[in-house]
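Student: I have the coordinates open. Can we go through the chains and their contacts briefly?

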Amino acid sequence: MNETVVKAEQEKKVDEEWEPKIIAFLCNWCSYAGADLAGVSRIQYPPSIRVVRVPCSGRVNPYFIIRSLTDGWDGVLVSGCHPGDCHYISGNLVARRRFSILNELLEFFGIESDRVNFMWASAAEGERFAVLIRKVTEKVRKLGPNTQFQKKW
Amino acid sequence: MPNIYIPLLTRVKSVVKENKANDIKTIELEFQKEEDYKNFNYIPGQFAEISIIGKGECPIGIASSPTEEGTIKFTIKRMGTVTSVFHSREEGDVVGVRGPCGNGWPIEEMKGKNIVVIGGGFAFSTLRSLVLYLLDEKYRKDYGDITVIYGNRDPGEVLYQDVLEEWKKRDDIKVVLTIDREAEGWTEKVGFVAPIVKEVAPSADNAVAVVCGPPIMIKTTIAVLEELNFKDDQILNSLEMRMKCGVGKCGRCNIGNKYVCVDGPVFSLAELKKMPSEY
Amino acid sequence: MEEKLLMKDQIAKLYDELAKDYSFFAPIKEKGNIVFKKASNPEEIELDYFNSKVPPKEVLFPKMEVLFEYSLDEKDVEIKERTDLDEKRLIFGIRPCDAHSFVLLENFFDFGEFKDEIFLKKRENTTLIGMGCNSPKSTCFCTSLEGHPFQRDDLDVMLVDLGDKYLVESVTEKGKELVQKLSWLTEATKADVEKAQDLSIQAEESFQTHLDFSNVAKTLDPNFDHPIWEEISEICIGCGTCSFLCPTCTCFDVIDETDEYNNRGRRIRIWDTCQSCQYTLHTSGHNPRNSCIERCRNRILHKFSYYPTNYNLIGCVGCGRCVQLCPVNNDLRTIIEKINKIEDKKEEKISA
Amino acid sequence: MGIETDNQEIEKSMREVARNLLKEKEVDVIIGYSKGTFPLSTSPIMIKKEEEVDKLIWNNLCYVNLAKYLVPKIPQLLDPEGGDLKIGIVSKGCVGRALVHLAVEKQLNLENIKMIGIPCNGVVNRRRIEKDIGEKEVFEISASGNDLIVKGKDFEQKFPFDEYINELCKVCKVKSPPSVSEACIGECQEVPSIEDDFGDLSDYESKTTEEKWQEITDTLSVCTRCYACREACPMCYCNLCFVDQNKPIWFGKTTDMSDIVIFHLVRAMHMAGRCVACGACSSVCPMGIDLNKITRKLEKIVKERYDFTSGIDTEKLPPMMDFELEEAEEFMLEED
């Protein structure tokens, strides 16, 4: 184990209680409704996400994602309708291309790309939504607080 | 030596909506510290860099006259980032003010002369300041006849209706209001500013014309004034420029070797003609 | 004798002694570029160099500078002034041309009713130890601007590289005090001084670029609308490298940065360039300098016409940075030559 | 190969073509390269008269991408009514690619353009040479065999040409402009689909995230935010760049590390599927920052994901203008 990993392990122990803060951009027609359904069905998921409702995952400009990271959010999640189900027919398909490139570039620039996550969740998939939120939270929790990319003052 | 980039802190005392379109507001500011106000000695035609701390700064002409004591006023049109935030300000909010900046109207040199004030639209703010100053009982005797010609697109756009009413009641000032196209309930003149100036035909003898407005109005009005025998040094203009610092350091507002923020914004036509036409 | 000697192996000693009292800025090699940075140890200092890529104006007028900081809450704002302006700085190894640029900057920031305290205070607390240019580059032209590779007027202490040692000469009172503190410096001999003079003459003679600036301001004034500006700006891509890396360019942009989650922020200034089209863009959409023609013209006029009118100085020190770094090789020297030719034509007309 | 000697043939035929174009009034202006004012430099030039054609040169120091001049229309390239002039443009492979891609993005009309195709064998990486010779001044650069010979006061140094050209030129597959339309005259080539294994990136890509961050921040740390890279880029033609937007201000303009990285990251983002790998951004950077790796990565992403290479085909839509229902989405989160 290298030094940084050891350090991260130690920090984690000190801060066992640490709960990541994740900003979630949810599309109005599917994922937001899916989140709603998860809530109505009383499915438990971690209280780590803060939801921003957007009309479509295609509305999510990569700026939103990058700016969230510099503002110090520990993770970013973008969720939209499954391919083919977009309310605006192709918004999520356009978004997917953008995300694929952003995802690769983040990794290329050495920014922990696990902090930025994309998923599809329909209005009927409350369970799936909760499962994936759990997964995202765990992924981000493993990375620890976002300090690398945050703007220094 | 104070840091010239630090604004003085004020609070919003009142906000007045000026037009029907609701994109122009007059904000009255009260300094948080009494001595700041005492040191804020300005003359009509000067401007100040007003800032929303955390959003940015913008240069705005001071609309109040130094004779209106206690507060300063700015008339702000919603245009860019900072001015939009200004429109959401409410009473008690903090606003930063830096200034006064610029040269202002040459009130000393204007003494003893007849003054023709020609304004168009929203650019009337520093003219309001000037006219109020001239009409003040302390200074009125220093100046000759005062004529105000103020044009607007439509009646809903006429700024400062309260002071305009007061001026109309006085007999030592001639107020001519005009709108571009006829409108219901409008009893004053109709037409663009330039032809109205021609109609009113103020005498050029011992007079100074102060012109402020959109570029096309300035251009046409100056042509009319020249017809009326106004000389280049009898016509005064206030320029607009992109500014950041307001104190002649950031560099962007230069026209030739002059910085509009410190050497201007008021230039006589004679001065402007000597400068490169890069504004 | 006034002049002292500093052996090249004594640089470390000099650093150790001065770094106690001063922030010690010196030329340092960073990613293949020489820049003036605060040296953290004497080994970093690179004195065998032509000139830095980023001009030393960076020390006093950095790329990004805080004007003031503030804290915000619901209804109140508290402004915190800068308190770090009294830091004593020493710029070691600055070239005479760049030292002259400080004179221009000082003139500019001190001009008029409003004085830029941030710059001036820093300047006041800065001592310049300069180094003569033994081998000026072919793109240098300081001698054409009344400068000289061994000009000492704008420095506090002047060093001359004599091969294995430096000749130390204090110029100002500030410099004299500083040299006196370094009591271990040895006395210079007459031969050393003479060698320095020889080097100075050699350096002057080695200049390849000779430009005539005597009539430039006069020519520029009436030729604002001359077609030559189209020619000059033709290949400009408007990148602003010339002004970013110019030791005399001072334009800046003011920006508010807010850390909304912590209720604090700062108003900063960052370098800006008149070559950018946003530079003069009004909110209304009107832009007085809308194309490269006006922007190029503004840069040249600012340096060679407005500066002389306002401060009686030419706004250029002849360091050649813009010449070397312009991506399209829009060479300032050629531009000046073209401008000088404008007048020739006029004279011909008059004589003809 | 080389700076002066072997280029004479190319230069001669280029001038001939240019002269004819001007003579036959097929074009109003020729954009090309001319001699620079010091070694290691060349300067773009606009030629309107036949007799000036001899000013045109061609060598391995012609690094500016001339397509840049066609996007923000400079007044000289417009007719009195503000319409387009007919333009002849000296095109190496990447200039040709840029023109084709700009045509795809509807920024220019290839009918108004004549590409004077030139086979390019790589642009000398002058920043690297400058770095390697250190604090010395170059007086002369010439070629001999496979070497570049750099001469200065009291020194002479040899640099193997193949090594001292831009990283992008080493892997360049489009050396002369693609012959996509009648626009191309002179040396042009049919560009079939390009095969590339992007082996030059494997070293970097095998690094850990942390090492990558280290390397990227290390490379970019000298950035002064002068935006020369943006201004030299033929694809950066936005009226208002995202960093200059102030309503709202998305990203900081300071030289804070995070702001610098963001600028380059988002710019890269905007270049995906559009970058023509000319390397102009790196060549013009006054601080000598090497952005080529990012350029290569962009090429790799669009090639591997969407089988797209910018600027060789006028028909195919760039990936960011297009979408498909079925597509690789391994980066999307799925239930286990």
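Student: How many helices and strands does the secondary structure of chain B come to?

Tutor: This is a predicted model. Here the count is by DSSP runs. For chain B the secondary structure comes to eight helices and 15 strands.

Student: Why is chain B as compact as a globular protein of that length?

Tutor: Start with the rule. For 279 residues the globule rule gives 19 Å. Chain B is close to that value, so it is as compact as a globular protein of that length; its radius of gyration is 18 Å.

Student: What share of the residues of chain B count as buried?

Tutor: Along its principal axes the C-alpha trace of chain B spans about 50 × 45 × 35 Å. A residue needs 20 or more other C-beta atoms within 10 Å of its own to be buried. Of the 279 residues of chain B, the share that passes is 50%.

Student: Among contacts in chain B between residues at least 6 apart in sequence, what percentage join residues at least 24 apart?

Tutor: A contact here means C-beta atoms within 7 Å. Take the chain B contacts between residues at least 6 apart in sequence; the part joining residues at least 24 apart is 71%.

Student: How far apart do the C-alpha centres of domain 1 and domain 2 of chain C lie?

Tutor: The domain assignment of chain C gives domain 1 as 4–205 and domain 2 as 216–345. The distance between their C-alpha centres is 25 Å.

Student: Which element of chain C gives the most to the side of domain 1 that touches domain 2?

Tutor: The contact takes 34 residues from domain 1 of chain C and 28 residues from domain 2 of chain C. On the domain 1 side, helix 3 (96–109) and strand 4 (64–72) of chain C each supply at least two residues. By class, that side has 18 nonpolar, eight polar and eight charged residues. The most, nine residues, comes from strand 4 of chain C.

Student: Which element supplies the largest share of the side of chain D that touches chain C?

Tutor: In this pairing, 39 residues of chain C are in contact with 33 residues of chain D. Helix 7 (228–232) and strand 2 (42–47) of chain D each supply at least two residues of the chain D side. That side has 15 nonpolar, eleven polar and seven charged residues. The largest share, five residues, comes from strand 2 of chain D.

Student: What is the mean pLDDT of chain C?

Tutor: For the complex, the predictor gives an ipTM of 0.89 and a pTM of 0.91. In chain C, 97% of residues reach a pLDDT of 70 or more. The mean pLDDT of chain C is 88.

Technical notes. Residues are numbered from 1 along each chain as its sequence is written. Chains are lettered from A and ligands numbered from 1 in the order in which they are written. This is a predicted model: local features need pLDDT of at least 70, side-chain atom pairs count only at pLDDT 80 or more; totals for chains, interfaces and linings use all residues. Two residues are in contact if their C-beta atoms, placed from the backbone, lie within 7 Å. Helices (H or I, at least four residues) and strands (E, at least two) are DSSP runs, numbered from the N terminus. Ala, Val, Leu, Ile, Met, Phe, Trp, Tyr, Cys and Pro count as nonpolar, Asp, Glu, Lys and Arg as charged, and the others, Gly among them, as polar. Domain bounds come from an automatic or database domain assignment. The radius of gyration is taken over C-alpha atoms; the globule rule is 2.2 Å times the number of residues to the power 0.38. A residue is buried if 20 or more other C-beta atoms lie within 10 Å of its own, exposed if 12 or fewer, and partly exposed in between; C-beta atoms are placed from the backbone. pLDDT is the predictor's confidence in each residue, from 0 to 100.
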